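Q: Could you take me through the reading of a two-chain model, feature by feature, giving the general idea before the particular case?

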Amino acid sequence: MFTAEGGVRPEYRALAQRLAEMTPPEVEQRQRLADLLLRNQGVTFTVYSDNAGIEKVFPFDPIPRLITGAEWQNVERGLVQRVEALNLFLRDVYGEQRILNDGVVDAGLVYGASGFRREMIGMLPPQGVYTHIVGTDLIRDENGRFLVLEDNVRSPSGASYVLECREVLKRVFRVLFEQYGVMPLDDYADWLREALLHVAPRAADEPTIVLLSPGMYNSAYFEHSLLARRMGATLVEGRDLVVTDGAVCMRTTHGLRRVDVIYRRVDDDYLDPVVFRPDSILGCAGLFAAYRSGSVALANAPGTGVADDKAIYPFVPDMIRYYLGEEPILENVKTYIASREDDRKYILEHVGELCIKQTDASGGYGMLIGTQSTAEQRDEFRRRIQADPRNYIAQPVISLGKHPTIVDGKLDGRCVDLRPYVLVGEKVRVIPGGLTRVALRKGSLVVNSSQGGGYKDTWVLAGAGARTPSKGADSARSVES
Amino acid sequence: MLSRVADASFWMGRYLERAEHVARVLEVTRAILIDLEQVDPDAASKQWQGALAALGLPDDSTEKLIFDQSTPTSLVCAISLARENARQVREVISTDMWEHLNQAYWSLHEAHARGVHESQLSQALNGIVTASLLWDGVADGTTARDEGWLFLKLGKFVERLDVTSRLIATRTETAVRATSPSSENVYWIALLRCLCSMEAYKKVHPQRVERRHVIDFLLFDAHFPRTVRYASTVAADFAKRLAEIHGARGKGVERAFGKLDARLEFTDVGEVERQGTPEFLRQLLEELTEACGLLQKSYFLQ
């Protein structure tokens, strides 16, 4: 919201003015209204350990985050470029492996990645697309530039929260919507559907799309049901599916019905007990064979996890140069790879200044923020890095941009990141905005919801800044307060 | 439609209907006990136990019957199960239906959290009755008349058929053993009120409440939506409409519900009394169980 010099960024002036006008009870009322709307709509996530309340209302902060149109265009171009390169990388790794043979990416890192699936070698998915839905985590550096912190190409969640946040905010801050021209998000479900239809194997008039969910006790079940509903797809669980005559079918009140495209929200390991984990009951036996034979499409493809492995991440800019012959539009955060000797030496000497990440962990687990660590924690990580360098990378601790956030009824600055969603169909498209995650604990840099993180709506502004309130907006004020 | 989804729609309808009955019966019975305890304390405790037995509830405090999550027949369990089933079919039902049911669920939890006081118990019970009635309206107003709607409604009326029959059966058993005519009269009034039928009954039989008329009305009246006959007619109609969609697969279910409805159509109260009302209802419930078994086999187990 603020420039490096401490002034208010121009696009934020109208919001800042509106916030300044609000009294603390008004602020609190906004928060309560938002919470109530979310709870009644069932926008909750599941906490597995806490027996008293298994369902928690999703921690939402009603102060929106603003991004100008010009800035967004750059992000959008950068994401399209990056996702294109990642898909080419996946196709190459499971195909000719040119990038490994040319020594651009170390083969050991690829084969050592926990997301690598040898079962995918030699198989080309429909239309050559591996990752159809991507959620890329971005942060701003000290100069306000967006950098890529992480790629999520397996089955990223959170898009439904973006859609719900927007609906709630439209009711909480009506006037501001009228002042700012905010780019709408309404197309997401249609785009998602188009991306899935793009890989439908049959020439059927209306291919059957299903969303495969682990079921209602999964933490992202709300999202699964929302996306299925908005797309007009059938939400299925593994037990609803059966493979007969090489085709995947679902059990319906009319008998078995053929399925064409599966948007799966079940991890690779659980997809098919015949090929992957034999104890899985979330998938469907024979699914992978049907997929390989081309009778059904899966989005995202199995094995995409090799591309968002934290040890592969440092090579994405090189991939862009290698496959596209272009310079990356969005840069990575500077990363040290512990399996490289020079880097390892640097990491071990600077543990206290770096953010160290375990390459096969996610959700804010397996991470050390050096500047906020104890001497014992640092020793522990030094030992772990030396024992298994492949499993660690390190990045300088970046002070994530801070954004005004309601904390205990008052406004205070909290760290934020941004996860926009990219859909790969016939065209590659980015939804304007995305999920702004906020670290609700003071001073915390971890934004994951499993670690006390919350969410904000993200407004991409169509015009240059805020319009002056129209007459209609004045009369709407009574509705707002 | 997915078999699992059809199954969940059916049970969502059943559990919500059950919740409404539990709430209303508890509320009405509690009110009646206030009067009855003055006149006939023995009859009062029978009245209470009869109501609980018909609903499969243990003899426990009202608070527990409403809020105890470890009693599987408690009100909170019925609402939670309705909501769990709704969550399973979240993408099939309308957002309004979901939000409304979700609100009822949370309001019950809030009432519990606020602390339990007599007046709040009544409020919680009435809240659920109202929520269920409103939900019917929301469902009717926001859903396409497709398979899902038919399974949902079938569940609702199967449950109504079931609970209503059980309530009449236990009441006829207890009433036979009632000691004085005045307390017997209280039983029939209580039964009518538990089934939300007092006013409708009075329109047909304005004279003093009488056993034979009450049984006749609650079993056979074809126009009032809370009677056994009405519920069976609606269930048979929905089973028929499901068969129209599914062809041969649905014929058995259609026949089973049709037979049940025909039996009610062509029986009169005299016959029922000769056979014994509880016995007649026991047979009816057996037929209902069979019809539901067939429903499960034909549609839910694929």
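Predicted model: local features only at pLDDT ≥ 70, side-chain atom pairs only at ≥ 80, totals over all residues.

Q: How is the radius of gyration of chain A to be read against that of a compact globule?
A: The radius of gyration is taken over C-alpha atoms, and the globule rule is 2.2 Å times the number of residues to the power 0.38. For 481 residues a compact globule would have a value near 23 Å, and chain A, with 23 Å, agrees; its C-alpha atoms fill a box of roughly 65 × 65 × 50 Å along the principal axes. Of the residues of chain A, 46% count as buried, a residue being buried if 20 or more other C-beta atoms, placed from the backbone, lie within 10 Å of its own, exposed if 12 or fewer, and partly exposed in between.

Q: Into which domains is chain A divided?
A: Domain bounds come from an automatic or database domain assignment, and here they give domain 1 (1-183 + 305-330 + 412-468), domain 2 (202-295) and domain 3 (334-397) of chain A. The C-alpha centres of domain 1 and domain 2 of chain A lie 26 Å apart, and 12 residues of domain 1 are in contact with 13 residues of domain 2, contact meaning that the C-beta atoms, placed from the backbone, lie within 7 Å.

Q: Which strands of chain A form the open sheet of 4 strands, and in what order?
A: Strands (E, at least two residues) and helices (H or I, at least four) are DSSP runs numbered from the N terminus, and two strands pair if DSSP finds at least two bridges between them. The order in chain A is β15-β18-β16-β17, with antiparallel pairing, and the edge strands, each pairing on one side only, are β15 (336-337) and β17 (367-369). β15(A) pairs with β18 (residues 392-396) over 2 bridges, and A:I337 stands opposite A:I393 in β18(A).

Q: How many residues of chain B are in contact with chain A?
A: On the side of chain B, 18 residues are in contact with 18 residues of chain A, and the elements of chain B giving two or more residues to this side are α1 (3-39), α4 (75-88) and α5 (95-113). The largest share, 5 residues, comes from α5(B).

Q: Is B:W98 buried or exposed, and what does it touch?
A: B:W98, which lies in helix α5 of chain B, is buried because 22 other C-beta atoms lie within 10 Å. Not counting residues up to four places away in sequence, B:W98 touches A:G42, B:A86, B:R90 and B:I93. B:W98 and B:W135 are 37 residues apart in sequence and 9.3 Å apart in space, C-alpha to C-alpha.

Q: Which residues of α6(B) are buried?
A: An α-helix has 3.6 residues a turn, so residues three or four places apart point the same way. In α6(B), the buried residues are B:L121, B:A124, B:L125, B:I128, B:A131, B:S132, B:W135 and B:A139.

Methods: Residues numbered from 1 in each chain as written. Chains lettered and ligands numbered in written order. Contact = placed C-beta atoms within 7 Å.
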